[in-house]
Amino acid sequence: MTSLDTVRGDLALVILYLNKAEARDKICRAIQYGSKFLSNGEPGPAQNVDKSTSLARKVFRLFKFVNDLHALISPPAKGTPLPLILLGKSKNAMLSTFLFLDQIVWAGRTGIYKNKERAEFLSRIAFYCFLGSNTCTTIIELAELQRLSKSMKKLEKELKHQELYKNEQYRMKLQKSNERRLALIKSSLDIVVAVGLLQLAPKKVTPRVTGAFGFASSLIACYQVPKHFPCSPLSVRSHPPENPKLESHFF
């Protein structure tokens, strides 16, 4: 493989990544909260970028509430404890409400919806839903990590600590554990972001703190997006898509 083939493969990965609306949304989110960190709530170019990017991101989320609405009415996975089912459904309900209300906020800020006071009121409710959904996510991830830890310890005893990393089941559980730890960190960061946006602790969670936590959370979200890719980087480098338009349907 020549260096040109490697570059083409890397560019193919970038194309696949950017073809995904979710990826572009998370990049814009990183820009938004990075600008909030720089501005610290003070008027200037950074705050203008923060506000304009925030408004632009809402377009990416139009009708996205349907995803969590579908998850809300879908049956839970078999073997899931009832408390986790209730927490999961609560998370889906609050996140779906947040995304739905966010559309009204977008309509208010673009002038489509004329009642600005009502739009700002709904914006605050939406942020409370965002806070609640991330709180539920944090509790769920903690509980799931505990369940995974117990099953991994049981597997370690069965294998007697011999060739653990050669066992496919153990490797899958370990990978799942790492993914859930990352999701736990992200949801914890987003709780602080929600507190900052709602100004529930303005002296401690300043716009700069909100921006820093939001930027870190956005980087994690950007990293998580490629997990949905159906092909590995090696396969893309070896066989770049002949027609990117056909591939974009899946990404």
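Trainee: Cysteine 129: buried or exposed?
Mentor: Cysteine 129 is buried, because its relative accessible area is 12%. Buried means under 20% relative accessible area, exposed means over 50%, and partly exposed is in between, with a 1.4 Å probe and protein chains only.

Trainee: What sort of model is this?
Mentor: This is a predicted model: local features need pLDDT of at least 70, side-chain atom pairs count only at pLDDT 80 or more, and totals for chains, interfaces and linings use all residues. Residues are numbered from 1 along each chain as its sequence is written, and side-chain values use heavy atoms, with hydrogens and water left out.

Trainee: And cysteine 136, buried or exposed?
Mentor: Cysteine 136 is buried, since its relative accessible area is 9%.

Trainee: How many disulfides?
Mentor: The count is 0 disulfides. A disulfide here is a pair of cysteine sulfur atoms within 2.5 Å.

Trainee: Step back. What is the secondary structure of the chain?
Mentor: The chain has 10 helices and 0 strands. Along the sequence the pattern is α-α-α-α-α-α-α-α-α-α. Helices (H or I, at least four residues) and strands (E, at least two) are DSSP runs, numbered from the N terminus.

Trainee: How much of the chain is buried?
Mentor: Of the 251 residues in the chain, 36% are buried.

Trainee: What about contacts between residues at least 6 apart in sequence?
Mentor: Of those contacts, 73% join residues at least 24 apart. Contact means heavy atoms within 4.5 Å.

Trainee: Now the packing. How do H5 and H6 cross?
Mentor: H5 covers residues 82–109, and H6 covers residues 116–159. Their axes come within 7 Å and cross at roughly 155°. Axes are lines fitted to C-alpha atoms, for helices over the stretch in contact, and angles run from 0 to 180 degrees between N-to-C directions. H5 and H6 are therefore roughly antiparallel to each other. The cut-offs: angles under 35 degrees count as roughly parallel, over 145 as roughly antiparallel, 65 to 115 as roughly perpendicular, and the rest as oblique.

Trainee: Left-handed or right-handed?
Mentor: The H5 and H6 crossing is left-handed. A crossing is left-handed if the near helix is turned anticlockwise from the far one by less than a right angle, and right-handed if clockwise.

Trainee: Which classes of residue make up the contact of H5 with H6?
Mentor: The contact of H5 with H6 has 19 nonpolar, 8 polar and 5 charged residues. Nonpolar covers Ala, Val, Leu, Ile, Met, Phe, Trp, Tyr, Cys and Pro; charged covers Asp, Glu, Lys and Arg; the others, Gly among them, count as polar.

Trainee: Pick a residue in H6. Where does threonine 137 lie, and what is it in contact with?
Mentor: Threonine 137 lies in H6. It counts as buried because its relative accessibility is 14%. Leaving aside neighbours within four places in sequence, threonine 137 is in contact with Lys91 and Ser187.

Trainee: On to H4 and H5. What is their packing angle?
Mentor: H4, residues 65–73, packs with H5 at an angle of about 155°, and their axes are 8 Å apart. That makes H4 roughly antiparallel to H5. The crossing is left-handed.

Trainee: Which residues meet there?
Mentor: From H4, the residues are Phe65, Asp68, Leu69, Ala71, Leu72 and Ile73. They meet Lys89, Asn92, Ala93, Leu95, Ser96, Leu99, Phe100 and Gln103 of H5. By class, the H4 and H5 contact has 9 nonpolar, 3 polar and 2 charged residues.

Trainee: And valine 66, where is that found?
Mentor: Valine 66 is in H4. It counts as partly exposed, because its relative accessibility is 40%. Valine 66 and phenylalanine 100 are 34 residues apart in sequence and 8.7 Å apart in space, C-alpha to C-alpha.

Trainee: What about H2 and H3? What is the angle?
Mentor: H2 (residues 21–39) and H3 (residues 45–60) pack at about 160°, with axes 8 Å apart. That makes H2 roughly antiparallel to H3. Their crossing is left-handed. The contact of H2 with H3 has 7 nonpolar, 6 polar and 6 charged residues.

Trainee: What is the phi of asparagine 40?
Mentor: Asparagine 40 has a positive phi of about 55°, although it is not a glycine. It lies in the loop between H2 and H3. Asparagine 40 is partly exposed, because its relative accessible area is 26%.

Trainee: And glutamine 199? What is the phi there?
Mentor: Glutamine 199 also has a positive phi, about 55°, and is not a glycine. It lies in the loop between H7 (168–198) and H8 (207–224). Glutamine 199 is exposed, because its relative accessible area is 58%.
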